[in-house]
Amino acid sequence: MKIAQFSRFGFILAAAGSAVGLGNIWKFPYITGEYGGGAFVLVYLLTVAFIGFSIMIAEMFIGYEGKKDCVTSFETLAPQKKSLWKLAGFQGVSGLLIMTFYSVVIGWILNYIVTSFTHLPASVEEAQNIFMGMLKSDPYTQIFYHSVTAIIVTFILTKGIKGGIERLNKFLMPLLMLILGGMFLYALTLDGFSKAWNFMFAFDFSKLNSEAFVTAVGHAFFTLSLGMGAIMTYAASMQKGTNLVKSALWVVFLDTTIALIAGLMLFTFLYQYGATPSKGPGLVFISLPSVFYEMGILGNIFSVLFFIALAFAGLTSAVSLVEPMVQYFIDRFTWSRLKASVLMGSFFYVIGLVALLSNIDGFSSALTFGSKNLFDWLDFVTAAILLPLGGLVMAIFVGFVVPKSQVSALLEPQLGKFFTPWYFSLRYITPIAMFIVILNLIGVF
Ligand code: TRP
């Protein structure tokens with residue numbers, strides 16, 4: 001079946017919409033806080049520039065040349081027929097696994113939009129109690145909003161590339177940028193801004209350890225949506241003649257800028273009102289709401305707008321997490337889009353329910369395996385292991401398996417004199433870095 005195509009601008013927005021997500025606004029600030037700021041930010045920026053950008057071009061290349069779902073694209077590009085390389089295409093499954101907990105987190109955000117209208121916590125303790133109360137002892141609220149998220153995402157997927165994904169992004173991405181931009185301008189006027197700036201850009205290398213390094217690399221993948229077929233599947237619907245390198249540059253630029261803006265803004269608010277940055281995953285759900293309280297009525301408005309922006313960012317990423325497998329079942333099993341979307345939606349919905357319960361007192365002991373509960377395992381296994389593994393496989397595939405002539409025919413005109421360094425990085429630097437990350441994570445050293 002022929003895949004509908006993005007407009008050029010639509011592709012960039014959709015890919016940027018995929019990249020800009022909870023990773024930028026929720027995760028990036030809190031891991032920056034946890035690993036002490038500046039030096040971590042520098043490692044992240046370097047990884048994005050040297051590894052993330054190369055892999056993004058490779059992933060777009062596979063999709064653009066393969067023109068189909070991720071499994072078929074690997075199969076088509078592999079020089080031998082019936083090659084095992086098609087198994088690499090099953091990286092699309094990682095997206096569904098990420099989506100299980102991603103949908104639950106979007107659910108928390110929707111809940112926070114609603115409650116921010118009427119109530120903000122008067123202290124960090126109260127904020128902590130509210131968040132922990134929801135997380136650990138209120139399955140109903142979480143199930144309700146997780147269901148709402150699953151329904152919205154599934155509905156958009158049934159509408160397809162043009163009428164669903166492109167439209168959603170054209171609508172939500174500008175609004176997201178407007179809200180964040182406006183709040184950032186306000187943050188610029190506060191005294192806390194210079195402290196936030198120092199925190200994020202003062203490079204103190206004594207705080208950097210190997211764990212911080214590995215986290216930065218893993219996060220570069222997560223935030224750029226690399227390593228699970230999302231960018232690949234979108235690229236399969238690019239118009240012929242679209243410049244992959246320029247598109248990749250735009251996506252990386254938007255993603256990085258929005259992460260830095262979100263980080264600077266959040267830390268400004270935290271410093272301004274005397275909270276400390278290192279608050280872990282609760283940063284936007286615990287520290288931030290109590291800071292909004294201090295701002296009075298402006299705080300209510302900011303809180304609603306902030307969580308709306310976060311929900312928008314989450315939704316545009318969520319569709320890209322599920323679309324690869326939807327496309328797979330459409331292409332390979334000739335399922336209708338409706339059937340593929342509903343079944344994939346049901347899949348992540350049900351596992352998401354179990355993941356959600358694994359945080360709830362009373363269920364959590366049955367759903368905890370070793371050091372982590374199911375929710376944390378899903379996060380860890382996908383972001384830390386499967387994405388870098390997907391990246392490693394793609395780097396080797398484009399670097400060594402696809403004939404160089406085919407790669408250079410498309411990309412040399414676009415990359416110009418950067419073709420050679422890019423190809424070198426893909427063949428050697430990226431695989432070695434990925435390999436180190438994976439070994440480190442599974443505890444080899
Ligand atoms: N990049 C998104 C974020 O920062 C998450 C995401 C969407 C993703 N699609 C992906 C991560 C594909 C990895 C692969 O929140």
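In this predicted model, 33 residues line the largest pocket, and those nearest its centre are Lys27, Tyr30, Ile31, Glu34 and Asp379. Two or more residues of this lining come from each of α2, α6 (124-137), α10, β2 (372-373), α16 and α18. The pocket has a volume of about 890 Å³. Sorted by class, its lining has 18 nonpolar, eight polar and seven charged residues.

The second largest pocket has a volume of about 290 Å³. Its lining is made of 14 residues, and Ala49, Phe53, Ser54, Phe418 and Trp422 are the closest to its centre. At least two residues each are supplied by α3 (38-66), α12 (244-272), α17 (404-415) and α18. The largest share belongs to α3, with five residues. What classes of residue make up this lining? Eleven are nonpolar, three are polar and none is charged.

How many cavities of 30 Å³ or more does the structure hold? There are two.

The largest cavity contains about 130 Å³ of space. Its lining consists of 17 residues, and Ser18, Tyr102, Phe222, Ser225 and Leu321 lie nearest the centre. Several helices take part: α1 (8-19), α2 (22-34), α5 (92-118), α10 (210-223) and α14 (297-333) each bring at least two residues to this lining. By class, nine of the lining residues are nonpolar and eight are polar, with no charged ones.

The second largest cavity has a volume of about 50 Å³. Around this cavity you will find Leu22, Gly23, Trp26, Lys27, Phe101, Tyr102, Phe222 and Asp379. Two or more of these lining residues come from each of α2 and α5. Helix α2 gives the most, with four residues. The lining divides into five nonpolar residues, one polar residue and two charged residues.

Some names return as you move from one space to another. Tyr102 and Phe222 belong to the lining of the second largest cavity and also lie among the residues nearest the centre of the largest cavity. Likewise, Lys27 and Asp379 line the second largest cavity and are among the residues nearest the centre of the largest pocket.

| Space | Volume | Classes in the lining |
|---|---|---|
| Largest pocket | about 890 Å³ | 18 nonpolar, eight polar, seven charged |
| Second largest pocket | about 290 Å³ | eleven nonpolar, three polar, no charged |
| Largest cavity | about 130 Å³ | nine nonpolar, eight polar, no charged |
| Second largest cavity | about 50 Å³ | five nonpolar, one polar, two charged |

Finally, let's look at the outside. On the surface, a nonpolar patch is formed by Ile396, Phe400, Phe424, Tyr428, Ile429, Ile432 and Ile436, which together have about 630 Å² of accessible area. The patch takes two or more residues from each of α16 (374-401) and α18 (419-441). Which of the helices gives the most to the patch? That is α18, with five residues. Helix α18 also supplies at least two residues to the lining of the second largest pocket.

Ile396 is found in helix α16. Is Ile396 buried or partly exposed? Ile396 counts as partly exposed because its relative accessible area is 30%, a value in between the limits of 20% for buried and 50% for exposed.

Terms used
Residues are numbered from 1 along each chain as its sequence is written. This is a predicted model: local features need pLDDT of at least 70, side-chain atom pairs count only at pLDDT 80 or more; totals for chains, interfaces and linings use all residues. Side-chain values use heavy atoms; hydrogens and water are left out. On a 1 Å grid over the protein atoms alone, a cavity is a set of points where a 1.4 Å probe fits but cannot get out, and a pocket is an open set with protein on both sides within 12 Å along at least five of seven lines; lining residues have an atom within 4 Å of a point. Grid points are joined across faces, edges and corners, and a volume is the space filled by probe spheres set on the points. Ala, Val, Leu, Ile, Met, Phe, Trp, Tyr, Cys and Pro count as nonpolar, Asp, Glu, Lys and Arg as charged, and the others, Gly among them, as polar. Patches are made of residues with over 30% relative accessible area and no salt bridge: like charges are joined within 9 Å, nonpolar side chains (Val, Leu, Ile, Met, Phe, Trp, Tyr) within 5 Å. Accessible areas come from the Shrake-Rupley method with a 1.4 Å probe; for residues, only the protein chains shown count as cover. A salt bridge is a side-chain nitrogen of Lys or Arg within 4 Å of a carboxyl oxygen of Asp or Glu. Buried means under 20% relative accessible area, exposed over 50%, partly exposed in between (1.4 Å probe, protein chains only).
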